[in-house]
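Here's a quick briefing for anyone meeting this structure for the first time. Have a look at it first, then read on for a few spots to check out.

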Amino acid sequence: MGKKKKPKFYVVWEGKAPGVYTTWSECEAATRGFAGARFKSFSTLAGAEQAYSDGPSAHWGKKEPRRTFTQEELAEIGIPIEESLCVDAAWNAQTKVLEYRGVWYRDRSVLFEAGPYPNGTNNIGEFLAIVHGLALMAKEGNQAPVYTDSLTAISWVTKIAVRSKSMDKGETSAGLNRYVKRALSWLRENSYPNQILKWRTDVWGEIPADYGRK
């Protein structure tokens with residue numbers, strides 16, 4: 001069974017019917033076609049209700065505040081594994097240019113960098129970064145875990161299946177398509193002992209491989 005998606009709650013400050021909604025379809029119906037609509041998703045109902053009460057100026061265009069973890073929760077989550085590889089991708093929404101890299105957590109040294117590639121997507125970059133790291137470490141017999149902040153990329157690697165609408169529509173470059181096919185072939189033909197772990201940005205901050213361009 002697939003992992004259950006976390007619920008989202010939607011605030012519509014300016015739209016056909018301002019309010020708090022529990023589904024995207026309701027939010028979309030309340031905003032589509034409304035010039036100057038202002039709406040935003042939140043991870044909790046209480047947070048959404050408070051944001052609606054606060055008004056858009058306090059939340060519009062701003063990141064949702066990180067939740068506060070109890071000491072027990074922090075102890076359970078723990079800290080990143082010292083001997084690990086962190087990977088990340090950078091994608092420009094305007095130019096569609098993609099690049100990715102792998103960085104050792106311990107000393108922040110760069111293991112590999114790739115790109116820039118035209119007509120890419122962020123998820124493809126995250127996927128290629130994981131496989132690139134696995135392949136390099138396999139050659140060295142390194143069993144260090146790989147951290148990524150992309151659940152989509154983790155899913156593509158574990159299922160050995162890339163589900164990209166951009167690729168399906170032919171919007172990605174031929175070169176990137178070849179790299180994706182090569183990465184999938186490597187996954188089918190090789191086994192690896194390395195764990196692929198989700199980087200806890202909500203607790204640890206940005207992943208060390210992040211490009212700092214947000």
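R200 is partly exposed, with a relative accessible area of 27% (buried is under 20%, exposed is over 50%, and partly exposed falls in between, using a 1.4 Å probe and protein chains only). This is a predicted model, where local features need pLDDT of at least 70, side-chain atom pairs count only at pLDDT 80 or more, and totals for chains, interfaces and linings use all residues. Residues are numbered from 1 along each chain as its sequence is written, and side-chain values use heavy atoms, with hydrogens and water left out.

**Salt bridges**

- The structure has four salt bridges (a side-chain nitrogen of Lys or Arg within 4 Å of a carboxyl oxygen of Asp or Glu).
- R200 pairs up with D202, their closest N and O atoms being 2.9 Å apart, and D202 is partly exposed at 31%.
- E28 and R32 also form a salt bridge, at 2.4 Å from N to O; E28 is partly exposed at 25%, while R32 is exposed at 56%.
- E83 and R106 meet at 2.8 Å, N to O.
- E83 and R106 belong to a salt-bridge network that also includes D107.

**Around A89**

- A89 sits in strand β4, residues 85-91 (strands are DSSP runs of E, at least two residues, numbered from the N terminus).
- A89 is buried, with 8% relative accessibility.
- Among the residues A89 touches are L98, Y100 and Y211, leaving aside those up to four places away in sequence (contact means heavy atoms within 4.5 Å).
- The C-alpha atoms of A89 and S150 are 9.6 Å apart, with the two residues 61 apart along the chain.

Technical notes:
Helix = DSSP H or I, 4+ residues; strand = E, 2+ residues; numbered from the N terminus.
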